[in-house]
Amino acid sequence: MGEVREKRRIVLVPVPAQGHVTPIMQLGKALYSKGFSITVVLTQYNRVSSSKEFSDFHFLTIPGSLTESDLKNLGPFRFLVKLNQICEASFKQCICQLLEEQGDDIACVVYDEYMYFSQTAVKEFQLPSVLFSTTSATAFVCRSVLASVNAETFLTDMKDPEVSDKVFPGLDPLRYKDLPTSAFGPLESILKVYSETVNIRTASAVIINSTNCLESSSLAWLQKELQVPVYPIGPLHIAAAAPSSLLEEDRSCIEWLNKQKLGSVIYISLGSLALMETKDVLEMAWGLSNSNQPFLWVIRPGSIPASEWIESLPEEFSRLVSERGYIVKWAPQMEVLRHPAVGAFWSHCGWNSTLESIGEGVPMICRPYTGDQKVNARYLERVWRIGVQLEGELGKGTVERAVERLILDEEGAEMRKRAIDLKEKLEASVRSGGSSCSSLENFVNSLKMKNS
Ligand code: UDX
């Protein structure tokens, strides 16, 4: 095994953000277990977990030239466009060094779909390359559809409230307003990034962190439209769990959970990017407090504008959360979701959080902020029927009612049953003989064939 590992290398190219780093490192772990050596190519804007899980991986950093003010002001989409411009040449050089100086046999380059600069190098060196999507298959379908719409007509449609509530043709149950468009920049630049990401060009395959039991029709659509093999090998957090948190986890919340009643706690976390308005934070605090249920709330430093953490919130906030709430800056999310005291997950519906919640059979209160989160929220409510979506202005009454529906009402118990049923299906899909496990094996075999 040692000799085989030495020779065949897979190069991973992650986006510098927690929600992207986590699944690609899990993928690396899954591929490492199949005998490949793993090289992770980082830009100087990445951080990766220093977890000893990855001590056998090889890390390389390519230089970039973004200034501090670029990093602060660009916003995620324009940052990605710039990153792709500035990293193309240095990535090519990096691959050249691996091939020529170190004599590596690169089995393939797996790049996050947003790191499309990788395509120039793989083309030049004629390497197999694989696009890795960290979002759901359905969000990928949406991006493919959006990449070909007329931007001007679409923008006009989106501004019309009557249209925005309608189901988008061919994407039922998604409405115009559920499509992954808003925030993070003007629609034009988002559509431009989408047309780059779904243009798979040099990629000879696509890997998706999803599975048939969740998204069979979207996966079938991709398989037909993309005309390259699509490998749904998720959920990776079950198939190849690997701690990859970039922030320090506050484990004191587990002790707090240990003291709470079974299925009584609402766990609230909005992922690594979402920002909250102060007025929404207060409505949430009121609603949660009025619900009389205990709650564990992750408030990430910097997630409330103009505040380091929670110090700028009015005194009323501390009063509302002091009795039944427990606030942390970052939690060991998987462990929290697995804890028997947790009854529901209030989430922004990032794809990792969605998979992690389903993977533990926990129903969700869905409050998406942007991008693919809206797609996931709609699916959680309408397709998998394990979530309640809070739409429009956030009010304390709506928050209180949502908590009651999930924790106290029969409706919540039904959702939990469906979530547990899905959890079992997810676990089966990554076990030997399951669809995701077979898909991973097929992918590995395809590399062997290419390289033989
Ligand atoms: C974003 C998008 O929302 C997501 O859909 C896309 O696929 C990747 O980029 P993010 O907003 O950070 O990611 O959300 P999510 O995908 O849910 O990832 C957050 C990760 O951080 C999860 O793996 C979660 O377990 C972890 N986390 C979050 C913690 O470990 N502790 C916390 O306190 C909060």
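The model is predicted: local features need pLDDT of at least 70, side-chain atom pairs count only at pLDDT 80 or more, and totals for chains, interfaces and linings use all residues. Residues are numbered from 1 along each chain as its sequence is written. The chain holds 20 helices and 13 strands. These are DSSP runs numbered from the N terminus, with helices (H or I) of at least four residues and strands (E) of at least two.

**Overall shape**

- The radius of gyration is 22 Å, close to the 22 Å from the globule rule for 452 residues, so the chain is as compact as a globular protein of that length.
- That radius is taken over C-alpha atoms, and the globule rule is 2.2 Å times the number of residues to the power 0.38.
- Along the principal axes, the C-alpha atoms fill a box of roughly 65 × 50 × 45 Å.
- Of the 452 residues, 46% count as buried.
- Buried means 20 or more other C-beta atoms within 10 Å of the residue's own, exposed means 12 or fewer, and partly exposed lies in between; C-beta atoms are placed from the backbone.

**Domains**

- The chain is divided into domain 1 (9–244 + 432–450) and domain 2 (251–427).
- These bounds come from an automatic or database domain assignment.
- The domain centres, taken over C-alpha atoms, are 27 Å apart.
- Each side of the contact is made of 24 residues, from domain 1 and from domain 2.
- Two residues are in contact if their C-beta atoms, placed from the backbone, lie within 7 Å.
- On the domain 1 side, H2, helix H6 (137–147) and helix H11 (236–239) each supply at least two residues.
- H2 gives the most to that side, with four residues.

**Nonpolar core**

- The largest nonpolar core has 126 residues, and Val 110, Ile 207, Ile 266, Tyr 267 and Leu 296 touch the most other members.
- Such a core is a set of buried Ala, Val, Leu, Ile, Met, Phe, Trp, Tyr and Cys residues joined through C-beta atoms within 7 Å.
- Helix H4 (residues 75–101) gives the most to this core, with eight residues.
- Both domain 1 and domain 2 give this core at least three residues each.
- Beyond its neighbours within four places in sequence, Val 110 has contacts that include Ile 10, Leu 12 and Phe 132.

**Ligand shell**

- The ligand is surrounded by 23 residues; the closest are Gly 19, Gly 271, Gly 350, Asn 352 and Ser 353.
- A residue is near a molecule if its C-beta atom, placed from the backbone, lies within 6 Å of it.
- Helix H2 (18–32), helix H16 (351–359) and helix H17 (372–383) are the elements that give two or more residues to this shell.
- The shell has six nonpolar, 15 polar and two charged residues.
- Here Ala, Val, Leu, Ile, Met, Phe, Trp, Tyr, Cys and Pro count as nonpolar, Asp, Glu, Lys and Arg as charged, and the others, Gly among them, as polar.
- Domain 1 and domain 2 each give the shell at least three residues.

**Local features**

- Most residues other than glycine have a negative phi, and most peptide bonds are trans.
- The bond from Asp 172 to Pro 173 is cis, with omega near 10°.
- Another cis peptide bond joins Gly 234 and Pro 235, with omega about -5°.
- Ala 306 has a positive phi near 65°, and Ala 306 counts as exposed, with 7 C-beta neighbours inside 10 Å.
- Arg 385 has a positive phi near 55° and is partly exposed, with 16 other C-beta atoms within 10 Å.
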